[in-house]
Amino acid sequence: VVVSILLVSLTFGSLIDEIKERGVLRVGQDAGYMPLYGTDMYGNRIGLEVDVLKIMATLLGVRLEFVVVNWDGIIPALLSEKFDIIWSGMTITDERAKKVDFSEPYLKIGQVLVYNNRKISSVPSLEELNNPSVRIAVQLGTTGDEAARRLFPRAKILTFDSMDEAAFQVASGRADFTVVDSIYAQYVAKKYDRLSVADGFLTSEELGVAIRKNDPETLNWINNFIEGLKSSGFMELLEEKWFVE
Ligand code: ARG
């Protein structure tokens with residue numbers, strides 16, 4: 001009896017149970033971050049993480065719902081329960097881990113420089129980039145934003161709500177560079193042939209799922225799920241499907 005009371009009280013209040021009961025898994029994402037997620041011409045959400053989330057919802061036997069917010073406000077929105085999880089290309093950082101719990105990593109990335117190859121023929125040294133005449137467009141509140149400010153404190157940093165806007169600044173010649181996740185950089189350089197990705201990672205980062213703190217059962221469920229995606233080879237298949245070379 002004691003054991004079952006303990007078990008009941010331990011599992012009570014777990015997010016996973018709540019999601020099953022509600023019949024909906026609500027995921028917080030921003031407008032777009034291909035190839036992890038975005039919208040197709042019919043308005044459907046697509047991308048590697050969308051595929052993963054569809055499997056997660058199927059396993060839980062629930063519907064999948066996306067709640068779209070600005071990247072800059074995504075952690076506050078999670079904390080105020082606007083949705084259940086952030087599975088949205090979020091880098092695991094110590095700063096964020098003060099507010100949320102992170103799963104085990106499911107992808108490794110790095111920040112890279114993307115430039116307009118019609119305007120720049122060879123990429124300047126990092127030292128030369130740290131200059132007030134250099135304009136760097138970034139997505140507000142990203143690790144690219146942080147890396148740009150840390151590495152190029154003298155450059156002019158322009159912030160935008162979405163990665164697509166930041167990249168478009170470079171494609172249209174209004175900014176010289178953007179500092180973005182490598183996965184996104186490959187995608188956007190394919191989208192605009194005037195954009196190129198500079199060699200070399202400026203940082204090395206891992207992406208994880210974020211949930212509200214104090215929910216070991218849910219964290220455990222998500223970690224097991226991620227482990228299964230990796231060990232089954234399914235994650236690799238999804239990378240082949242979505243990542244551009
Ligand atoms: N990985 C970077 C970060 O955590 C960029 C994420 C941007 N994600 C997005 N959905 N726009 O800050």
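Tutor: A residue is near a molecule if its C-beta atom, placed from the backbone, lies within 6 Å of it. The model here is predicted: local features need pLDDT of at least 70, side-chain atom pairs count only at pLDDT 80 or more, and totals for chains, interfaces and linings use all residues. Residues are numbered from 1 along each chain as its sequence is written.

Student: Which residues are around the ligand?

Tutor: They are Asp30, Tyr33, Trp71, Ser88, Gly89, Met90, Thr91, Gln139, Thr142, Thr143, Met163 and Asp181. Ala, Val, Leu, Ile, Met, Phe, Trp, Tyr, Cys and Pro count as nonpolar, Asp, Glu, Lys and Arg as charged, and the others, Gly among them, as polar. On that scheme the shell holds four nonpolar, six polar and two charged residues.

Student: How many residues does the contact take from domain 1 and domain 2?

Tutor: Two residues are in contact if their C-beta atoms, placed from the backbone, lie within 7 Å. The contact takes 13 residues from domain 1 and 13 residues from domain 2. On the side of domain 1 that touches domain 2, six are nonpolar, five polar and two charged.

Student: What does the C-alpha trace of the protein chain span along its principal axes?

Tutor: The span is about 70 × 35 × 30 Å.
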